[in-house]
Amino acid sequence: MKRIGVLTSGGDAPGMNAAVRAVTRKAIYHGLEVYGIYHGYQGLMEGDIKRLELGSVGDIIQRGGTTLFSARCPEFKTREGQLQGIEQLKKHGIDALVVIGGDGSYMGAKALTEHGFPCIGVPGTIDNDIPGTEFTIGFDTALNTVIDAIDKIRDTATSHERTYVIEVMGRNAGDIALWAGLSGGAETIMIPEEDHDIEDVVAKLKRGHERGKKHSIIVVAEGVGSGVEIGKKIEEMTSFDTRVTVLGHVQRGGSPTAADRVLASRLGAKAVELLLEGKGGRAVGIEKNELVDYDIIEALGRPHKIDDKMYQLSQELSI
C-alpha cells in the first residue's frame, strides 16, 4: 500500500472536510501518498485527481460542505462507468480508496469492491440513515441547526398563538425529525417509520387547545410527505391559524459541531488504519462510542431503524 485516494460523494454534510483532513494526515503520517478525487464519482471517471499534501487540508476542519466537491453521477451506476473509474485509479497508481458519503456513495464503493478494488466507506450524511453506525458525520450539526430553528419559530408561534408545521430533511429516515422534535419539545413528530393519521394529529391539537394551549409545533420528516400539504389539512380541519416552514438545504450547511469534527476525525483515521492492515471492502462506524468496521456489502443489506424507545418517549412527553 503506497497510494490511497479519497473522495466525497452524494449530498454534502458538515464534517466531511474534517474526515478528508483525517484521512490525508493519518495516511501521510504513516508514509502513504494521498490523492484527492474531486467531484465524486464523476471526477473519478474523468480523472479529476490531484495529490494532497499536509497543507492541502489545512484550515478546513471548521468548514462546512466539502472542499473536494460533490456531484451526482448516474453513469457510475453502470459497469462501464465503474471500470472507467478503476482505470483512472490504476493510471494514478492508487491502491485503495476511501469513500465519504451516504448510501448512494456506499453503493459505488460496494461496486468497486465487487470488481476487486479495495474501498473503505466512511458514513457522511445528515440523514443518519447508514446501517452499522449509530451516528453519521453531519447529523449532529444538522440536528442543532433544526433545533435552533424550532426555538426561534416557537417564539413567534407563542407571540401570535399559531400552529407551526416544520418540515425537515432526512430522505426516508426520521432521525432528524425525531431527535429535533424531542429536544425541541414538539407537540407532534411525524416520521416515515411510524404510521400517522391526520385525524389523531388534529385531535391532539384540539385537546391542547381545550386546556388552554395557544400554540403548537409539529415536526414532519420529508419522508412522510409535504409539510405544506399537512399544514393545509390541519388548518382546514381545525380553523387554527397555521403556518409552515420548510427548512430545506440550510440543514446541510454551517460549521460542523465539535461532535461532528471529532467523529469525522476518528472515522477517517480508522479507515486508513484498515487499509494499512490490508483490509478492503469495509465500512466504518461508531457504536456505544467505540469504533467498529463491517463488511460494506452486508451493511447495505441491513434495514435502517430508529430508536423505538425514543419515539415512545416523545409521545409520552408531548401529551
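This is a predicted model: local features need pLDDT of at least 70, side-chain atom pairs count only at pLDDT 80 or more; totals for chains, interfaces and linings use all residues.

Visitor: How are the axes of H1 and H9 oriented to each other?
Guide: Helix H1 covers residues 16-29 and helix H9 covers residues 258-276, and their axes come within 7 Å and cross at roughly 40°. The crossing is right-handed. With that angle, the orientation of H1 and H9 to each other is therefore oblique.

Visitor: How do the residues of the contact of H1 with H9 divide into nonpolar, polar and charged?
Guide: On the side of H1, the residues that meet H9 are Ala18, Ala19, Ala22, Val23, Lys26 and Ala27, while H9 contributes Arg261, Ala264, Ser265, Gly268, Ala269, Val272 and Glu273. The residues of this contact divide into eight nonpolar, two polar and three charged.

Visitor: Which residues does the UniProt domain annotation cover, and how far apart are the end C-alpha atoms of that span?
Guide: According to the unreviewed UniProt entry, the annotation "domain: Phosphofructokinase" covers residues 3-275. In the model this span is 44% helix and 17% strand. The end C-alpha atoms of residues 3-275 lie at a separation of 10 Å.

Visitor: Where does UniProt place the feature "active site", and is that residue buried or exposed?
Guide: The unreviewed UniProt entry places this feature at Asp127, which the model puts in the loop between strand E5 (119-123) and helix H5 (139-160). Leaving aside neighbours within four places in sequence, Asp127 is in contact with Gly170, Arg171, Ala173, Asp175 and Ile176. Buried means under 20% relative accessible area, and Asp127, with a relative accessible area of 8%, is therefore buried.

Visitor: Is Gln88 buried or exposed?
Guide: Gln88 is found in helix H3, residues 79-91. Apart from neighbours within four places in sequence, Gln88 is in contact with Leu44, Met45, Glu46, Gly47 and Ile49. Because its relative accessibility is 15%, Gln88 counts as buried.

Visitor: What is the phi of His39, and what is the phi of Asp59?
Guide: His39 is found in the loop between strand E2 (33-37) and helix H2 (40-46), and at 32% relative accessibility His39 counts as partly exposed. Asp59 has its place in the loop between strand E3 (49-52) and H3, and at 60% relative accessibility Asp59 counts as exposed. Although His39 is not a glycine, it has a positive phi of about 65°. Asp59, also not a glycine, has a positive phi of about 60°.

Visitor: Which residues is Asp48 in contact with, leaving aside its neighbours within four places in sequence?
Guide: Asp48 is placed in the loop between H2 and E3, and with a relative accessible area of 24% Asp48 is partly exposed. Once its neighbours within four places in sequence are left aside, the residues in contact with Asp48 are Gly36, Ile37, Tyr38, His39 and Gly43.

Visitor: How far apart in space are Asp48 and Lys213?
Guide: In sequence, Asp48 and Lys213 are 165 residues apart. In space, C-alpha to C-alpha, the separation of Asp48 and Lys213 is 57 Å.

Terms used: Residues are numbered from 1 along each chain as its sequence is written. Side-chain values use heavy atoms; hydrogens and water are left out. UniProt positions are given in the numbering used here, feature names are shortened, and annotations may be inferred rather than shown by experiment. Helices (H or I, at least four residues) and strands (E, at least two) are DSSP runs, numbered from the N terminus. Axes are lines fitted to C-alpha atoms, for helices over the stretch in contact, and angles run from 0 to 180 degrees between N-to-C directions. Angles under 35 degrees count as roughly parallel, over 145 as roughly antiparallel, 65 to 115 as roughly perpendicular and the rest as oblique. A crossing is left-handed if the near helix is turned anticlockwise from the far one by less than a right angle, and right-handed if clockwise. Contact means heavy atoms within 4.5 Å. Ala, Val, Leu, Ile, Met, Phe, Trp, Tyr, Cys and Pro count as nonpolar, Asp, Glu, Lys and Arg as charged, and the others, Gly among them, as polar. Buried means under 20% relative accessible area, exposed over 50%, partly exposed in between (1.4 Å probe, protein chains only).
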